[in-house]
Amino acid sequence: QVRLVESGGGVVQTGGSLRLACATSGRTFTAYLMAWFRQAPGREREFVAGINRNGFSTYYLDSVKGRFTISRDNAKNTVYLQMNSLEPEDTAVYYCAADPDSYFVSRRRDDYPYWGQGTQVTVSS
């Protein structure tokens, strides 16, 4: 079991930046592939970014490439999502997720058994 707690959400103007953090506790952090998903009102939860166990490989939703950066600090058991050049379309609840079983980062929400409670990101125009 692992517990995930997100922080760092808030309200920002178009073009602004936020950094989300997801602190984990429980089983060894390096046992998990980690990812960020988001869900806007009336829409499906979608994959935003993922990172492998050693942090050397990252994957992104096409619309956030070049603006968002996922990273992990295995010494602090924490994964981050740096979000720059934010747009109103980025407004959503952002969720941290952990996958203990897959070899490669998955974009499918069903492959992640562990989730945080979510943090709201609102980008005003």
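Mentor: What follows is a conversation about several features of this structure, each with its general idea and then its case here. Please note that this is a predicted model, in which local features need pLDDT of at least 70 and side-chain atom pairs count only at pLDDT 80 or more, while totals for chains, interfaces and linings use all residues. Residues are numbered from 1 along each chain as its sequence is written, and side-chain values use heavy atoms, with hydrogens and water left out.

Trainee: Let me begin with sulfur. How many disulfides are there, and which cysteines does a disulfide join?

Mentor: A disulfide is a pair of cysteine sulfur atoms within 2.5 Å. By that rule the count here is 1 disulfide, and it joins cysteine 22 to cysteine 96, with an S to S distance of 2.1 Å. Strands (E, at least two residues) and helices (H or I, at least four) are DSSP runs, numbered from the N terminus. Cysteine 22 lies in strand E3 (residues 18-26) and cysteine 96 in strand E9, so the pair ties together parts that are 74 residues apart in sequence. The torsion about the S-S bond of cysteine 22 and cysteine 96 is about -80 degrees, so this disulfide is left-handed.

Trainee: Are cysteine 22 and cysteine 96 buried or exposed?

Mentor: We call a residue buried under 20% relative accessible area, exposed over 50%, and partly exposed in between, using a 1.4 Å probe and protein chains only. Both cysteine 22 and cysteine 96 are buried.

Trainee: What about the rings: how many aromatic pairs are there?

Mentor: Rings of Phe, Tyr and Trp (its six-membered ring) pair if their centres lie within 6.5 Å, and planes under 30 degrees apart count as stacked, over 60 as edge-to-face and the rest as tilted. The count comes to 7 aromatic pairs. In one of them, the rings of phenylalanine 37 and phenylalanine 47 have centres 5.7 Å apart and planes at 85 degrees, so the pair is edge-to-face. It links distant parts of the chain, for phenylalanine 37 is in strand E4 (residues 33-39) and phenylalanine 47 in strand E5 (residues 46-51), 10 residues apart. Phenylalanine 37 is buried at 0% relative accessibility, and phenylalanine 47 is buried with a relative accessible area of 6%. Tyrosine 103 and phenylalanine 104 also form an edge-to-face pair, 4.8 Å centre to centre with 85 degrees between the planes, yet both of these residues are exposed.

Trainee: Which residues do ring pairs link into a cluster?

Mentor: The cluster is made of Phe37, Phe47, Tyr95, Tyr112 and Trp115. A charge may also sit over a ring, which requires NZ of Lys or CZ of Arg to be within 6 Å of the ring centre and within 35 degrees of the ring normal. Arginine 45 lies over the face of tryptophan 115, 4.9 Å from the ring centre, and the charged end of arginine 72 sits over the ring of phenylalanine 29, 4.3 Å from its centre.

Trainee: Finally, which residues have the most contacts inside the largest nonpolar core?

Mentor: In soluble globular proteins, nonpolar side chains tend to be buried together. A nonpolar core is a set of buried Ala, Val, Leu, Ile, Met, Phe, Trp, Tyr and Cys residues joined through side-chain atoms within 4.5 Å. The largest one has 31 residues, and those with the most contacts inside it are Met34, Trp36, Val79, Leu81, Met83 and Tyr94. Its largest share, 4 residues, comes from E9. A second, separate core of 7 residues includes Ala35, Phe37, Ala97 and Val105.
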